[in-house]
Amino acid sequence: MRRADRVGFAASFLCAVHCALLPVALALVPAFGLSLGGWVDIDQAFVVFATLLGATTLTLGWRRHRAFHAWALLLPGLALVWAGAFTHLHDHTITHAVVMAAGGLLLAAAHLMNLRLTHAHHRG
């Protein structure tokens, strides 16, 4: 479970960075004479993966430490990334980037909190 939380933390943090930098990259693509034809949008697939990974690792963690602190971060984070990926916000504007980056940071924080709660439970 610790490994899954570490993967979740790293993936969520990288997602937040990706979402923060994507608008800059999209703005620069035409400047280099490139196009994005046929580019697959991975936001939605990543959100589904992040949901499954987060729910699984936090459920396993809760069974050990019985604290809901990590869930208090995960649920709003998931709400943000789902809104950013599956609503009208999924238009790759700055609003989309902010919503997805904030959600990704909350997901990363949830995994980190779960790791710390699990570690504290093992020590105590």
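The structure is a predicted model, in which local features need pLDDT of at least 70 and side-chain atom pairs count only at pLDDT 80 or more, while totals for chains, interfaces and linings use all residues. Residues are numbered from 1 along each chain as its sequence is written, and side-chain values use heavy atoms, with hydrogens and water left out.

The chain contains 4 helices and 0 strands, where helices (H or I, at least four residues) and strands (E, at least two) are DSSP runs numbered from the N terminus. Followed along the sequence, the pattern reads α-α-α-α. The C-alpha trace spans about 60 × 25 × 20 Å along its principal axes. Of the 124 residues in the chain, 35% are buried; here buried means under 20% relative accessible area, exposed means over 50%, and partly exposed lies in between (1.4 Å probe, protein chains only).

Helix packing comes next. Two packed helices are described by the angle between their axes and the distance between the axes. The axes are lines fitted to C-alpha atoms, for helices over the stretch in contact, and the angles run from 0 to 180 degrees between N-to-C directions. Angles under 35 degrees count as roughly parallel and those over 145 as roughly antiparallel. Helix α2 (residues 43-65) packs with helix α4 (residues 94-123) at an angle of about 25 degrees, the axes lying 10 Å apart. These two helices, α2 and α4, are therefore roughly parallel to each other. Their crossing is left-handed, a label used if the near helix is turned anticlockwise from the far one by less than a right angle.

Helix α2 also packs with helix α3 (residues 69-86), in this case at an angle of about 165 degrees and with the axes 10 Å apart. The pair α2 and α3 is therefore roughly antiparallel, and α2 passes α3 in a left-handed crossing. For α3 and α4, the axes come within 7 Å and cross at roughly 155 degrees. That makes α3 roughly antiparallel to α4. The crossing of α3 and α4 is left-handed.

Arg 3 has its place in α1 and is exposed, with a relative accessible area of 69%. Its C-alpha atom is separated by 9.3 Å from that of Leu 115, 112 residues apart along the chain. Asp 5 is also found in α1, but counts as buried at 0% relative accessibility. Between the C-alpha atoms of Asp 5 and Ala 101, which are 96 residues apart along the chain, the separation is 19 Å. Val 24, another residue found in α1, counts as partly exposed at 48% relative accessibility.

Two loop residues complete the picture. Ile 42 lies in the loop between α1 and α2 and counts as exposed at 51% relative accessibility. Ile 42 and Ala 85 are 43 residues apart in sequence, and their C-alpha atoms are 9.4 Å apart in space. Arg 66 is found in the loop between α2 and α3, where a relative accessibility of 53% makes Arg 66 count as exposed. The phi angle of Arg 66 is near 55 degrees, a positive value in a residue other than glycine.

Conventions. Parallel < 35°, antiparallel > 145°, perpendicular 65-115°, else oblique.
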